[in-house]
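Dear colleague,

I am passing on the structure below, and my notes on it follow. Please read them alongside the coordinates and tell me where you would look further.

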Amino acid sequence: MTSSVIVPVIDVQNNNFKELWPAMLLAIKTSSLVALDTELSGLGSRKALLAESIEDRYKAICHAARTRSILSLGIACYKKLDNKADETYLVQVYNLTLLCTEEYMIEPQSVQFLVQHGFDFNKQYAQGIPYYKGNDKGGDPHGQNLRTLFVELLRARRPLVVHNGLIDMVFLYQCFYAHLPERLGTFTADLSEMFPAGVFDTKYATEYELRFAASYLEYAYKKCKLDNCRLVEAGGSGPHLFLEFCSYAGNLRSYIDYRVSTEESSQEGPLDICLRFSAYGWCPSGSNCPMSHNTDLIILQDEKTKENKRKKRKQKRKQKASREAGAQEEDVVSSSKKPCLETTPVTEAEPMNDKPQGGDEPPADIRMSIDEGNGVCERQATPAEGASDNDPPAGKTVAQSKKAEGGTHRAGFDAFMTGYIFCFATTLKHRPEEPSSETLLPECQNKLYLSGKSVPLQIVKSTFSRSSKAHTHKMEVVWGKG
Ligand SMILES: [Zn+2]
């Protein structure tokens, strides 16, 4: 089974930011949900970030957000199309290259990692969209800048989707909104007012709703994609998830890079799975690891393991029943006894965020149909998700050798994957006989995943917590009194 999706990612930088402003605003305002991802200059002490006390963790992340910066921001806008039988979303993906104009720390390991994954620092310094951190410093509140874009995002009142998003939320607050409050309770109180439609964490959803064997971003995305693909192939009345992308025309087309999301051939590379990578999506050996980091292979292996366990349980039940009946069971050893890998998560080894991922980008050749048109965004119904074994539609074939650059759009593509997991999870929850509820995935609303904790961080305004002053002032700006 093969299914490749070609995802157009719009590359936004300083020289086209204003040109793309209306399109971005429209995409956000008309979306059903917005998924975000950030690329950071560093995080500081991992130990402090994983402190036992959540309040201490928050302090450590705040320290990181005050001293480091966001290097790029991925925005994926998903708009649900009502006139479709299945759950169809129109998706627009933006990757913004940013440049913090204040001094910030940059960590050697982070630089090394980013460069290895194709991050272009030359481009960042030459073309990054400038921003300053902390509170507003006056100036035009309607100017076309990142702070205004963030205000527009709040005004849109859309559900916000992140993956393992506590760090993202703290950095977004500090970089585009206001000085971070001292206490965690104040922070969550502020967030609950900033995002009244809710914040959703797909890592939490993956662990507690989808219950996959692993929950790092690439794994969760590929597993959702595979499961959706199977649902489509199996037919049936249940809803499936389909995606549509815009067909971009004119100038806009030159800003787009097409990311291909394919399944890697399981025939290539080592077949022995790296257990570390299998569980966390990260391994200290990186690309030097002799074991396989192939997520598709890992998913299939996990499915086999699960199936074997299921069969064993069934067998045990059978054995027990026959013992109780006093009978001898002869054929208990089924043919399914294959060696299997266990991927029991070990919490302390878990990386702080889901960023580090090994492996190179797979696409060998990239084909894309581009329609002629002059609208900012015309829907292009063809490269729909789940349409497996189908060649891209007839049309112009564009072979772009953007392979090495894949990493430059990580934030954009990661935001895309995050949105996809969320949409797939809501599709599974959606029963055709029930009218779709106003809240998507209510079980996951306002819960941020916490590494090593069984309970999430709740985004609520408790009776004990008050909003921060900076936030209260900011809310006046957001709602037009400023
Ligand atoms: Zn490894």
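N164 is buried, because 26 other C-beta atoms lie within 10 Å of its own (buried means 20 or more such atoms, exposed 12 or fewer, and partly exposed in between, with C-beta atoms placed from the backbone). This residue is found in the loop between β6 (160-162) and α7 (166-177), where helices (H or I, at least four residues) and strands (E, at least two) are DSSP runs numbered from the N terminus. The phi of N164 is near 50°, a positive value in a residue other than glycine. Most residues other than glycine have a negative phi.

Before going on, please note that this is a predicted model, in which local features need pLDDT of at least 70 and side-chain atom pairs count only at pLDDT 80 or more, while totals for chains, interfaces and linings use all residues. Residues are numbered from 1 along each chain as its sequence is written.

A positive phi, near 55°, is also found at N446, which sits in the loop between α13 and β11 (447-448); N446 is partly exposed, because 18 other C-beta atoms lie within 10 Å. N446 is one of the residues touched by I459, the others being T188, L191, S192, V199 and L448, when residues up to four places away in sequence are not counted (contact means C-beta atoms, placed from the backbone, within 7 Å). I459 itself lies in the loop between β12 (457-458) and α14 (469-478) and is buried, with 25 other C-beta atoms within 10 Å. Its C-alpha atom is separated by 6.1 Å from that of K447, 12 residues apart along the chain.

Turning to the helices, α13 (residues 410-429) has 20 residues and reaches 29 Å from its first C-alpha to its last, close to the 28 Å expected at 1.5 Å a residue (the expected span being 1.5 Å times one less than the number of residues). Of its 20 residues, 18 are buried. Helix α10 (residues 217-234) packs against α13 at an angle of about 50°, with the axes 9 Å apart. In this pairing L217, A220, Y221, C224 and N228 of α10 meet D414, M417, T418, Y420, I421 and F424 of α13.

For the chain as a whole, there are 14 helices and 12 strands, and buried residues make up 41% of the 482 residues. Among contacts between residues at least 6 apart in sequence, 83% join residues at least 24 apart.

With best regards

How values were computed: Contact = placed C-beta atoms within 7 Å. Axes fitted to C-alpha atoms, helices over the stretch in contact; angles between N-to-C directions.
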